[in-house]
Amino acid sequence: MLKSWLRKLHAATLARGTVQAHASAVLDDQPESIGKQLEIVHLLRSVRDEQSLAIVSLDGQAQSGVTTLLEVVQQAKALVFAGLSDAGLTERLLAARGPVMVSTSCDQVYLMFEVEGLEKTDYFGRPALKARLPKTITYMQRRDAFRTAVPPDKEVSCTILQNAAIHPTAGKLVVRDLSVTGLALADPARVLDAEYGKVYAARLDIPRTGAFDVSLSVIHVSDEEPAYKGAAKVRRVGCSFVDVPWGVRIRVQSFVSDLQREEIMRQRGLLSHAKMPPSA
């Protein structure tokens, strides 16, 4: 029922003619906002039921934590989140005067909202955090597991280890877009044998997040249109992660959420060309 409600919500957005093609073909919609309390409660209960990861951070701060939404109490207009493993970050969030930013997802919809009044609480014997129900939620329908274009100033690289054994730089490729399920690589020199189903051992290097060993399976290959007339087309190799460890998924999701949050704030006019720091 809730997923059907989300689909209707997205259909209403389409009917208002707000959908525009993004230059990177990653975003399906411009961000929209929900301001009715009943709709907010329904949406957040769906997030709770899916047990989606939620990234919490102070606006403009580099550090962020990962949690899940445990309960939505409509009568008290309150949310309950699982406690964070980082005690220092928890104290900084509790001491903050401004709102705390939360980004999560539900049924292929990316969500972002602010909560205030954060305080410690107990949830059936487990440490938890309570906050006031948000006044609005910004949402953006996405495809392909929230795959997000990686801007040049936050370059993510991926080294194909088989090629690196032959030559140190032969397999170092730029990541065009990224999600928790996979990535797209720019392969201008065509160093990859990009046959469907081919599996590569690789090392993913994300700024200020770390380098991780991953396995990549080739799922599609295409030629990007050149950025300017007369330039050669660049081969784009789409890959899915194979058995990616849970800890790596969390780190990748945190970085992707930062990029999504920046894109939404830019489109809402809250951010120009200023750079927002990625999660630590």
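In which helix is the place of T90?

1. T90 belongs to helix α3, which spans residues 87–95; helices (H or I, at least four residues) and strands (E, at least two) are DSSP runs, numbered from the N terminus. The model is a predicted one, in which local features need pLDDT of at least 70, side-chain atom pairs count only at pLDDT 80 or more, and totals for chains, interfaces and linings use all residues. Residues are numbered from 1 along each chain as its sequence is written, and side-chain values use heavy atoms, with hydrogens and water left out.

2. T90 counts as buried because its relative accessibility is 9%; buried means under 20% relative accessible area, exposed over 50%, and partly exposed in between (1.4 Å probe, protein chains only). A polar atom of the T90 side chain lies 3.0 Å from the backbone oxygen of D86. Apart from neighbours within four places in sequence, T90 is in contact (heavy atoms within 4.5 Å) with L84, K120 and L129.

3. Strand β16, residues 234–241, has seven of its eight residues buried and is therefore largely enclosed by the rest of the structure. Strand β13 (residues 182–186) pairs with β16 in the antiparallel sense over five bridges, where pairing requires that DSSP finds at least two bridges between two strands. V237 in β16 is the bridge partner of L185.

4. Strand β15 (residues 210–224) also pairs with β16 in the antiparallel sense, over eight bridges. Here R236 of β16 stands opposite S222.

5. L58, in strand β2 (residues 53–58), counts as buried at 17% relative accessibility. Its C-alpha atom is separated by 8.9 Å from that of V102, 44 residues apart along the chain.

Technical notes:
A polar contact is a pair of N or O atoms within 3.5 Å; within protein, one must be able to donate a hydrogen and the other to accept it, and residues adjacent in sequence count only if both atoms are side-chain atoms.
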